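I opened the model to look up a few local features. My notes follow in the order I took them.

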Amino acid sequence: MVNLGNDWDNILADEWRKPYYILLRNFLKEEYKTKTIYPNMHNIFNALKYTPFEKVKAVIIGQDPYHGPGQAHGLCFSVQKGVDIPPSLQNIYKELANDVGFKHPGHGYLVDWAKQGVLMLNTVLTVRAGAAASHRRMGWEIFTDTVISKLNEKQTPVVFLLWGKPAAEKAAKITNPLHLKLEAPHPSPLSAHRGFLGSKHFSKANEFLVKNGIEPINWQIGD
């Protein structure tokens, strides 16, 4: 049984017993035993551990974790301190600078956002070293669909930032008119210039929160 240490434990209590999750868990046990898998198994659910359901006011949906050494730690787009900032995150920082005057913090550790109520959720929560998308279609998509469906039921407004195709596929789960969906291409160098850069999603998210009487997000990250 997974212990998240906050209100997600009650909300997701039934999930751990479902057949798809039992299959996924057995698959992961074997993968972690026989291969190098990211993130560390203790960090898989960090997005949910750092950001309780009750506190969620924004959701950033990524794809699968970074697959290089020391990068992934359970929050989409975030890397651990001391690790080179990946190109996608560099583009996120570039858009933040243009949109809200963000100053580069010199690292890519985004926990400050998670602690303010930004749920930073990949669509798939694990990956083999050096093999992007290697854990797709093993059950994680069902799990993250459930998380998003639960958030859709939330009776306080939430802004969803959906970047790229896997994130856009989750948009159908967000039907509650209380919430806002902001969609753009993925911030990867392959697609960022097609509409991610210049999207102003960070200021739009805060405008929506303020309009709904919710404390805006301080997008600036500490050193």
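This is a predicted model: local features need pLDDT of at least 70, side-chain atom pairs count only at pLDDT 80 or more; totals for chains, interfaces and linings use all residues.

I started at L162, which stands opposite E183 in β6. Residues are numbered from 1 along each chain as its sequence is written, and side-chain values use heavy atoms, with hydrogens and water left out.

Sheet. I found that β5 (residues 159–163) and β6 pair in the parallel sense over 5 bridges. Two strands count as paired if DSSP finds at least two bridges between them; helices (H or I, at least four residues) and strands (E, at least two) are DSSP runs, numbered from the N terminus. I then traced an open sheet of 4 strands, in the order β3-β2-β5-β6, with parallel pairing. Its edge strands, β3 (118–122) and β6 (180–184), each pair on one side only. On average, neighbouring strands of this sheet are turned by 15 degrees against each other, direction ignored. Axes are lines fitted to C-alpha atoms, for helices over the stretch in contact, and angles run from 0 to 180 degrees between N-to-C directions.

Helices. I noted that α6 (residues 140–152) lies across β2 (58–62), β3 and β5, and runs at about 155 degrees to β3. Next I took α4 (residues 87–100) and α8 (residues 201–211), whose axes come within 8 Å and cross at roughly 60 degrees. I listed I92, E95, L96, D99 and V100 in α4 as meeting H201, F202 and S203 in α8, where contact means heavy atoms within 4.5 Å. The residues of this contact divide into 4 nonpolar, 2 polar and 2 charged. Ala, Val, Leu, Ile, Met, Phe, Trp, Tyr, Cys and Pro count as nonpolar, Asp, Glu, Lys and Arg as charged, and the others, Gly among them, as polar.

Backbone. The peptide bond from Y38 to P39 is cis, with omega near -10 degrees. P39 is found in the loop between β1 (37–38) and α3 (46–50). F77 has a positive phi, near 70 degrees, and is not a glycine; F77 is found in the loop between β2 and α4.
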